[in-house]
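Here's a quick briefing to read with the model open beside you. Take the topics in any order you like.

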Amino acid sequence: MAKYEPGQLPSRDEIMDFVRNFPGSKVTKRDIARAFGVKGPDKVFLKKLLRELAEEGLLTKDTGHALRASDRLPSVQVVEFAGLDDHGDPLVKPVNYEGGGTPPRIYLSQKKGKHAPPAMGPGDRALVRLTPVKDEPPIYRASVLKFLKPAPKALMGVFHGGPNGGRLHPVDKKNRDEYWIDRDDVMGAVEGELVLAEPVKSKRQSGPKRVRVKERLGDVDSARSISMIAIHSLDIPYEFPNEVIKEAEAAKPVALGKRVDLRDIPLITIDPADARDHDDAVWAEPDDDPNNEGGWHAIVAIADVAHYVPNGSALDREALKRGNSCYFPDRVVPMLPEALSADLCSLMPGVERACMAVHIWFDKDGKKRRHKFVRGLMKSAGNVSYEQAQAALDGTCDDITAPLLEPVLKPLYGTFKAIMKARAKRQPLELDMPERRIELDANGHVAGITIRERFDAHKIVEELMITANVCAAEELEAHQTPTMYRVHEEPPLEKLESLREFLATMELNLAKGNVMMPRLFNGILEKVKDTAYETLVNEVVLRSQTQAYYSPDNMGHFGLALPRYAHFTSPIRRYADLVVHRGLVRALGFGKDGMTDEQRDKLASIGEQISSTERRAMAAERESTDRYLANYLADHVGDEFFGRVTGVTRFGLFVSIEPSGGDGLIPISEIGLDYYSHDEAHHRLVGERSGEEFKLGDRLKVRLTEANRFTGGLKLELVRTEEEMAAMRKNQHKKLGARHNRTGGRPARGNRNKAGKPKGKARGR
């Protein structure tokens, strides 16, 4: 840096260049003076020059005495997640951007490896350090210093109007606040309407916080509103941009060309009766290889979505943004527009469809001998529901299944029985979790809640899909092509220890010191099968497992007891499967629409993105189910039910109502006339005077006292007989009397502390 004679100051351009290129996190007037050798009286003139640059908008003063160029962002600031760019790279944006126009583009640096921090997702905020990458247009790279609490999201709630505006009651069961809406911020909302609102800054120091209506979502009593609450509250994209719809509608059916012709093979789809798309088809026959006596040959054909969703297209970007389809009782929010998901990519009967298929050969004991992938053209011979398939196998055919029974359904069942022999040797985790089905009437209201029946027909499809997924992972590894694995790691030690403590309360033992394998859990599950604790133990074992995720690093699949596993069978509804299809196209030379080098290099960030969207979808579906259950049970407030204790906390008991499965809370104040201590280690509440005990798995008679249609919350109270209540009151009076002396009801000497004041504990009531 040049030195200046007294009385000679650096030029304006030299100062701006210095500020822009200063290597530290912030630059001060002292840094500038030291760099240019400005001393003594000249500092006054430097100060004046810096003030002029600030007044002209060229310099900005940050916190303290730090300076920066006005067209540069502060080097350290709070940012929030802003989505992905066209190549799948995560972007962030300043939370409080004060510059004009669109904020500069900021790419988020992401660490890799086992101990890397979690990826940022919608609503996430972080304190970051910014490093300029490019001046025109300005581009920055952000390194996370600290993750912050999520940004306050837009509020969804029910609007209640008044003469001067209205109030908003949030639908979030965790938010018990009430918000005020000024008359000018109502936007035409009417009484009882579901609205989306945003916070408004207010100088008011007391009273409800202010919000303004941002969007009106319709009548809150409409069944349509239930799933919309979950969709909006979790920021699930549910409307496709016009360019995405145009690309989907421009797609055309494929010709045979170089594809393998599978049209004469009677592949069939087997799905739920209410399935909205059909992306997998199956077929089987006895293997005619004399060296594989008793073996089987099966084909699993999957919709060729990669053909219709080109890399880098608007369709591709939107599919990655969504990550997966979301399913609700009244609708589906698809990953792809209906022109593809319900038409060209749906394997409908009698229609030619592009597919990716895998031939799989099994021996008589279900062990896979070999496989072969092809890119083909197929024509489904029929769409069969699980119920139809099972009825046909049990001897009752209809017009659809009768011609399919001998050539397709029976060979599929034979293949399944062989596969089950191999599965029995492998011993994957055998959790038995009942799946509830919410049935809606013509108006979208809940007509009933049933348990989905499980048939062998379900298992036939599941086992073939699992094998096809294994084949995809093996094929890509054999060709040394990076892919997206479905990873399920073994349970962490702390969760295993908690599980052991819980099982010990039921006199069940999960051995220590052994290599943890699914078969150890299966031994526990077998012991409680057909007992009152079967469902509870299955749930607790499930909670002890790690959450599965997507990653280019293969860590195996613990639950399935498989060393490698990838998702290949549902590319209509999962982006992970589309990535695997593209990898196969690239590895096997099936065309020019396979995985690109750029996508291959982005697999880690893509895995984090789609793992995040999968968790979001699961939360939305769970919240929606809770609200539908509450909507259904709202007409049964005051009714009595039996239920199982599924959670024990210091503030009450969580009980799953039979048979609906709705989860409600019995507040500790509603349990009884006693002091209840929370025994966390043994998951129970114990009455200190009565000795009464409530623990996980207990079957109780409860009364529904409140069902909040909007939050999905249920409130319960314990039902007791008159004799039980009389005994409790008698016991209460007896115990309380023993605690007082004869001279006026003061606590006995033994119940005083050192200061002479009464001892005591907070009462359950």
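Predicted model: local features only at pLDDT ≥ 70, side-chain atom pairs only at ≥ 80, totals over all residues.

Overall, the protein comes to 18 helices and 33 strands, and 46% of its 765 residues are buried. If you take the contacts between residues at least 6 apart in sequence, 64% of them join residues at least 24 apart.

- Helix 1 covers residues 12-21, and Asp17 is part of it.
- Asp17 has a relative accessibility of 44%, so this residue counts as partly exposed, falling between the 20% and 50% cut-offs.
- Asp17 and Ala69 sit 52 residues apart in sequence, yet their C-alpha atoms are 9.2 Å apart in space.
- Helix 2 takes in residues 29-36, and its buried residues are Asp31, Ile32, Ala33, Ala35 and Phe36.

**Where helix 9 meets helix 11**

- Helix 9 (residues 386-393) and helix 11 (residues 456-478) have axes that come within 8 Å and cross at roughly 110°.
- That makes helix 9 and helix 11 roughly perpendicular to each other, because angles of 65 to 115 degrees count that way.
- Helix 9 brings Tyr386, Ala389, Gln390 and Leu393 to the contact, while helix 11 brings Asp456, Ala457, His458, Ile460 and Val461.
- Sort the residues of this contact by type and you get six nonpolar, two polar and one charged.

**Strand 15 and Pro286**

- Pro286 belongs to strand 15, which runs over residues 280-286.
- Ten residues separate Pro286 from Trp296 in sequence, with 4.5 Å between their C-alpha atoms.
- Setting aside neighbours within four places in sequence, Pro286 is in contact with Trp296 and also with Gly295 and His297.

- Strand 26 spans residues 640-649, and Thr649 is in it.
- Thr649 has 15% relative accessibility and therefore counts as buried, the cut-off being under 20%.
- Not counting residues up to four places away in sequence, Thr649 touches Phe654, His678 and Leu685.
- Phe654 also takes part in an aromatic pair with Phe651, and the structure holds six aromatic pairs.
- The rings of Phe651 and Phe654 are edge-to-face, with 6.2 Å between centres and 85° between planes.

**Arginines over rings**

- Arg322 lies over the face of Phe240, 3.7 Å from the ring centre.
- Arg699 has its charged end over the ring of Phe642, at 4.4 Å from the centre of that ring.

Methods. Residues numbered from 1 in each chain as written. Heavy atoms only, no water. Axes fitted to C-alpha atoms, helices over the stretch in contact; angles between N-to-C directions. Helix = DSSP H or I, 4+ residues; strand = E, 2+ residues; numbered from the N terminus. Parallel < 35°, antiparallel > 145°, perpendicular 65-115°, else oblique. Contact = heavy atoms within 4.5 Å. Nonpolar A, V, L, I, M, F, W, Y, C, P; charged D, E, K, R; others polar. Phe/Tyr/Trp six-rings, centres within 6.5 Å; stacked < 30°, edge-to-face > 60°. Lys NZ or Arg CZ within 6 Å of the ring centre and 35° of its normal. Buried < 20%, exposed > 50% of the residue type's maximum accessible area, 1.4 Å probe, protein only.
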